[in-house]
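Dear colleague,

I am passing on the structure we spoke of, placed just below, and after it you will find my notes on a few parts of it. Please read them with the model open beside you.

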Amino acid sequence: MAEIEREAMEYDVVIVGAGPAGLSAAIRLKQLDSDINIVVLEKGSEVGAHILSGAVLDPCGIDALIPDWKAKGAPITVPVKEDSFYMLGEAGQLRIPNFPMPPLMSNHGNYIVSMGNVCRWMAEQAEEMGVEIFPGMACSELVYGDNGEVKGVVAGEFGKNADGTPSDAYEPGMELHGKYVFLSEGVRGSLAKEVIAKYDLSAGKDPQKFGLGMKEIWEIDPAKHKEGTVTHTMGWPLGGNAGGGSFIYHLENNQVYVGFVVHLNYKNPHLFPYMEFQRFKHHPMVADLLKGGKRVAYGARAISEGGFQSMPKMVAPGVALLGCSVGMVNVPRIKGNHNAMLSGKAAAEAAFKAIQDGRSADELSAYEDEVRAGEIGKDLKKVRNVKPFWSKYGLTASLILGGFDMWTNTLGFSLFGTQAHGKNDADATEPASKHKPITYPKPDGTLSFDRLTNVAFSFTNHEESQPAHLQLKDASVPIGINLPTYAEPAQRYCPAGVYEIVDDKFVINFQNCVHCKTCDIKDPSQNINWVTPQGGDGPNYPNM
Ligand SMILES: Cc1cc2nc3c(=O)[nH]c(=O)nc-3n(C[C@H](O)[C@H](O)[C@H](O)COP(=O)(O)OP(=O)(O)OC[C@H]3O[C@@H](n4cnc5c(N)ncnc54)[C@H](O)[C@@H]3O)c2cc1C
């Protein structure tokens, strides 16, 4: 395409992504200076449309940001009342008592929330303070300045034909320039990935690790619903095939979040994470809960799991990475929203000070210092060895070693130093010939569902005439390398059925994509590049 002319708009801070990290940054900036000029750009059709984390929220982040959130009517109303942890076998379960668990694992004082709804509420607070928020605006490119600094983003490009040429309805979008650009795209952000590579921000750090989280919302029999109940399980059905486990959270209105996480460093390319999730619901403990109920929504999203030792450098000239674009999930607690909020607050404070001092387009190193040495770093440091232990020694040993290490870290020391993560998740995949195929039971249509039926419950939608946003670096790799060597695992790891092999051809049904980013992470040849489709496309999660 010929050089595209775009109008540019100037802001103090440009924020990409209206998740908890980006919205917290916007709110904090306005608290510090009501005249500061901020824009938040969100690829979902509305704020919350792409937010999956139906969540147990540690309120420390929102407490720090909006201390009177209760009085302001935040949708954070279901305190955790009961917290249990089970080890599952195929036919039964063993409850692990709470007393040997380190205090940091307790959910006392936390809340079961729809993070989509929390983000919608945060967006209202931000707009009331004067923040401009534009949903339906995907940021597709970074704009660099003359000295190689990040100067802004391109947002709102619409109407390309499938071959990338402009259609009659083509809109070039705009350049949004800022003194600082915040990338709060969540896990495996497409612009964050470019920034990390361009400035080599991962140098000297462990590789980032990921899980795939899948979730359904169920409306269940009121007689079985216990608002405020949190249950986590490990063990069956994954066994030794992969790390991971489930969560079951009872929110309001007889609704339950049923979720399943599979660590993406699994070796056997025959593993089918989606089918593991479906099989899990047939465990007697889960089936009893769900029988008579109905699934009302489905979604999937990768979750960052590398933690403390995998956080890349977070700043480069003109740009800062926030929240899960860095990877701030506390893995044993399965919680990252509190750290996303705290990181937004810290980035805002650093940018405010810099702008006050007349600076722009440089590195906000005060932000990075605060993340590493402050509350976020402390939270992540205590649990830094749990995931490496799990990867190296399996579930049982990691529960003992990781539990012991979390206890000693709570007291301020570790006998194990900082364990390394080893390979990235793509490289962890082994040739199919080294592993046996796994047979999965057929979904029964009541408790378990085939993938495409469930994808309809993510309400995802993509304009079909645009170029596929799942780009192959080399089109010959899926059939030439991945199929013979790895039985082309894209057919299985994608929780939305985007990838198929039909008549010996690799087909990409990008319309089904739920923006989880698993393909960008797990493809063993690292051949798939996830870029944003046009704004407003993707899932439309109701209150996930
Ligand atoms: C299954 C699952 C369960 C989880 N459970 C919990 C839990 O119980 N408690 C907890 O605290 N945490 C939980 N987490 C982790 C939590 O979801 C993350 O830590 C948190 O979402 C990170 O917030 P964020 O603002 O960094 O990113 P996100 O919440 O991912 O928000 C990023 C936003 O940016 C937008 N965006 C991305 N790229 C672009 C672009 N290029 N242009 C425009 N917009 C863009 C996205 O659409 C999205 O709205 C869970 C995660 C998963 C996957």
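Eleven of the 13 residues of helix 1 are buried, so this helix is largely enclosed by the rest of the structure; please bear in mind throughout that the model is a predicted one. The buried residues of helix 1 are Pro20, Ala21, Gly22, Leu23, Ser24, Ala25, Ala26, Ile27, Arg28, Leu29 and Lys30. From its first C-alpha to its last, helix 1 reaches 18 Å, which is close to the 18 Å expected at 1.5 Å a residue.

Helix 1 (residues 20-32) also meets helix 7 (residues 337-356), their axes coming within 7 Å and crossing at roughly 40 degrees. The crossing in which helix 1 passes helix 7 is right-handed. Helix 1 contributes Pro20, Ala21, Ser24, Ala25, Arg28, Leu29 and Leu32 to the contact, while the residues from helix 7 include Met341, Gly344, Lys345, Glu349 and Phe352. Sorted by class, this contact has ten nonpolar, four polar and three charged residues.

Elsewhere, I looked at Gln93, which lies in strand 6 (residues 93-96) and is partly exposed, with a relative accessible area of 40%. Apart from neighbours within four places in sequence, Gln93 is in contact with Tyr86, Met87, Leu88, His283 and Met285. Gln93 and Trp236, although 143 residues apart in sequence, are 9.3 Å apart in space, taken from C-alpha to C-alpha.

With best wishes

Key:
Residues numbered from 1 in each chain as written. Predicted model: local features only at pLDDT ≥ 70, side-chain atom pairs only at ≥ 80, totals over all residues. Heavy atoms only, no water. Axes fitted to C-alpha atoms, helices over the stretch in contact; angles between N-to-C directions. Helix = DSSP H or I, 4+ residues; strand = E, 2+ residues; numbered from the N terminus. Left-handed = near helix turned anticlockwise from the far one by under 90°. Contact = heavy atoms within 4.5 Å. Nonpolar A, V, L, I, M, F, W, Y, C, P; charged D, E, K, R; others polar. Buried < 20%, exposed > 50% of the residue type's maximum accessible area, 1.4 Å probe, protein only. Expected span 1.5 Å × (residues − 1).
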